[in-house]
Amino acid sequence: ELNIPSSVETLGTKAFNACSSLTEVNFNEGSKVTEIPDSCFGSEKEPTKKNNSITVYSCIQLNTVRLPEQLVRIGSSAFQNCYGLNTVYTTGKEKKEGTLSFPSTLVEIGKQAFKKVSLYSYNDQNSAGAMKVANGGFRAVIIPDSVTKVGDSAFENNPYMTSMTIG
């Protein structure tokens, strides 16, 4: 679990990239963070297997994220390939399991920000190497009407998503 205190104002690109055992991220109440930068928790690179060793580039076990209340932008690939992501909600708002919901201050969701989230899981027995289709993930996405830009492929390849509400 990662608790980001309200004293933190910015996060760097790839700040928590490849923290493969991270399961939960909480931005504390009163957080000053307004942007989750490109590839902060995710990566365009998928895990690779070589010589019975798996190299991971994203937070593959990340399940729950509590976003800061003043969030304006989620960067490109911010959560891409975070295969276990199930719930995203905002500090001070109701947590709904299986739902990605965002603060009313959000303006932009970057390209591929949530691409291939909750799609794969590791299985060394798989003939393809390191991956197989998982059983679960988020089902719903709720985007506030404050969002003016959703980047290319922002929610691509999430087969368990059954609904998206905008506004």
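Analyst: Gladly! This is a predicted model, and the protein chain averages a pLDDT of 87, with 89% of the residues scoring at least 70. Over residues 121–135 the pLDDT is below 50, although this stretch has 33 contacts in the model beyond near neighbours in sequence.

User: What makes Asp 38 and Arg 73 a salt bridge?

Analyst: Their closest N and O atoms are 3.3 Å apart. The cut-off is 4 Å between a side-chain nitrogen of Lys or Arg and a carboxyl oxygen of Asp or Glu, so the pair qualifies.

User: Why is Asp 38 called partly exposed?

Analyst: Its relative accessibility is 30%. Buried means under 20% and exposed over 50%, so Asp 38 falls in between.

User: What makes Glu 35, Asp 38, Arg 73 and Glu 108 one network?

Analyst: Salt bridges that share partners join them. Arg 73, the partner of Asp 38, also forms a salt bridge with Glu 108, where the closest N and O atoms are 3.6 Å apart. Arg 73 lies in strand S7 and Glu 108 in strand S10 (residues 108–109), so this pair too ties together parts that are 35 residues apart in sequence.

User: How do you know that S3 and strand S7 are paired?

Analyst: They share 2 bridges, in the parallel sense. Pairing takes at least two bridges, so they meet the cut-off. Ile 36 stands opposite Ile 74 in S7.

User: Why are S3 and S14 said to stand at the edges?

Analyst: The open sheet has 4 strands in the order S3-S7-S10-S14, with parallel pairing. Strand S3 (35–36) and strand S14 (149–150) each have a single partner strand, so one side of each is left without a neighbour in the sheet.

User: Which residues have the most contacts inside the largest nonpolar core?

Analyst: That core has 35 residues, and the ones with the most contacts inside it are Phe 41, Leu 62, Phe 79, Phe 102 and Phe 114. Strand S1 (2–4), strand S2 (24–27), S6 and strand S13 (140–143) each supply at least two residues of this core.

Technical notes. Residues numbered from 1 in each chain as written. Predicted model: local features only at pLDDT ≥ 70, side-chain atom pairs only at ≥ 80, totals over all residues. Heavy atoms only, no water. Core = buried A, V, L, I, M, F, W, Y, C linked by side-chain atoms within 4.5 Å. Buried < 20%, exposed > 50% of the residue type's maximum accessible area, 1.4 Å probe, protein only. pLDDT = per-residue confidence, 0-100. Contact = heavy atoms within 4.5 Å.
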